[in-house]
Amino acid sequence: MSRTLVIILAVMTTQLSLVWSATTETDRQNSKPHIIYILADDLGFHDVPWHNPLIRAPALQRLVDEGVTLEQSYMLPVCSPSRAALISGRYPHKNGMKSANIKPLQPTGLPLNLTLLPESLKMLGYSTHAVGKWHLGFCKEEYTPIKRGFDSFYGFYTGNLDYYEHSQGTKRVDPSGEKSTVRKASGLDFHSNATASSEAVGKYSTFEFVKKIKSLLRSRDPKDPLFLYAAFQNPHGPLQVPRRFLELYPHEANPKRRIILGMVSALDHAVGSVVAALEETGHFQNSIIVFSSDNGASWNKMGLNWPLRGSKGSLFEGGTRVPAVVSSLRLAQRGVVYTGLFHATDWYPTLLRAAGAPASASEGLDGVDQWEALNGRAPPPRQQMIYQMTNHRGLSTAMRYKNYKVILGNFKDKGWGVPPEYENITEATLEGFLDSGAAMSIVPPRPRINDTAPRYVDQELYLSSSTDMADFGPPVEYDYDGTNDEKLESRDDNARSFPTGNTSVEDEDPGRHARKQGTKADKKERKAQHKAFKRLKPTKIKLKSTQRVVGNRKKDISTFRSANDFLVSGIPIHLYNLADDPYERHNLAEREPEILEGILGRLVPELRKYVEPHEPPTSSAGDPSHFNGVWSSGWC
């Protein structure tokens, strides 16, 4: 073959490759994308690898490297209202949704007059599937996922359950003459569509959800658009994880913290398995993958939101600002950080727009379409947001306008939860450390050069670019193709932190299942171990200038017509400039009166839209004992 012919063939091959690549990209942009929304439960700001290089989560890091990381992503302080805002695109305070979690025996749910995201996507031709945690009501069938726009559901209705037994227990009050007796209402909470399922009992829920997702992806045509809502349980309590993931953190001396870190890595394994299944089945190239937490971490479980102030349930940044990333080959920019303000309600219109819906489809929503901004084609559109609003037991709300944040009403200030690696920080040194900027350093994303993603097993991703992990021992290899899933599901591989005597149950807590076994001395020792384990919490630091505010009583906020009504009401008010003070240390309410009045003036119209939440008392009608030991609908 002549040299000229070789050159001609090489040029033709290159041109054909470019044409094919351009055609593939055009086809991808013109077709409806698969939307994969992965929601973590109580994952802290400090407990992801791009905020903490000690976290071993290569699957999540890959999403960051190939996606857009949202550094001002906000949810509500606790589970139920966060999920309600996400899936409805509306502020919960405007539709009577309670600001606290829905209790298992509480006859209420997400209002039925709302059109939810899966329902809107079905109108666009999507098949819709939910896997994992619901927590938006189930006392009647109309509240359950398969009646709210999902074609299928595999998971649990309540807020938390044992990862292996899939059971939920809650206190139930039974009236008895002049007194009441309290007993435990407990039962199985695992469902396939509307049917209770016990087939997964004894297996780790996270990997049962992965198996279901794999089965779903392998059974469908990737040409048909898919919406998958995968709401994993990790790292919400109870603290349980297969031992294999504890081995990733031999350096962590605190047993409770070590389990939380293992649970994060187990979640990462699940995310990697889902991504690998998307690749295997031909869905990945045309998928938009969103990963987010539903609220901040709980300090009681040793989750951390450092360096943000506050914990789960708090209106401070630590309770509401969450790790989030969107990753897709459809994005015009990847491996970048997005600093625009992004609220839970924004996912609804943003994903609708990405799916090709007209702008009119988002009318009436509180969420803002940010698809163009995420692609770098427009400036961030959101300027203000409501963190939460409730007047159930006194006004409690927070509002953001640009860089300023106002908190009104009661709040319980827990200060800052300090990670073990910063154990030398004290109240005297905290201010200087935060001022130095070292606490908010972000591990930069490492963008990939090409769009052809390899199979997911990538040992290199275990090692952070900013920290030498050699001192912590070799990484335990993940198996994203799922060949070891059965081993990981087994309770026999479950983690424990302390010896549990002769019991075969291996759990995180030395005696949570075994306190009734053995001699009296054994029981006493296990009880002591159990109490010691429960007391394990991060070091907390409070500054003298940031005190707990209490004493606010319920007021008729419907009569408020101006900023001055707030100022003369006696309601506690805090103002922070998050650009200069992202850790919320300096209350500017008295120093910046004009700014404060301006934001309060913006809050007044929102007060007029406030709807008292539907918060009925718990009912014994929902006790699983009435339904063959299963948490079921049909009792309200």
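Cysteine 139 and cysteine 636 are joined by a disulfide, with an S to S distance of 1.9 Å. A disulfide here is a pair of cysteine sulfur atoms within 2.5 Å. The model is predicted: local features need pLDDT of at least 70, side-chain atom pairs count only at pLDDT 80 or more, and totals for chains, interfaces and linings use all residues. Residues are numbered from 1 along each chain as its sequence is written, and side-chain values use heavy atoms, with hydrogens and water left out.

One disulfide is found in a search of the whole structure. The link of cysteine 139 and cysteine 636 is right-handed, with 65° about the S-S bond. The pair connects distant parts of the chain, 497 residues apart. Cysteine 139 lies in the loop between β4 (127–133) and β5 (152–156). Cysteine 636 lies in the segment after α15 (593–608). Helices (H or I, at least four residues) and strands (E, at least two) are DSSP runs, numbered from the N terminus. The protein chain has 15 helices and 20 strands.

Burial was assigned from relative accessible area: buried is under 20%, exposed over 50%, and partly exposed in between (1.4 Å probe, protein chains only). Cysteine 139 is buried, at 1%. Cysteine 636 is partly exposed, at 45%. Cysteine 79 is buried, at 1%.

Of the 636 residues in the protein chain, 58% are buried. Contacts are heavy atoms within 4.5 Å. Among contacts between residues at least 6 apart in sequence, 73% join residues at least 24 apart.
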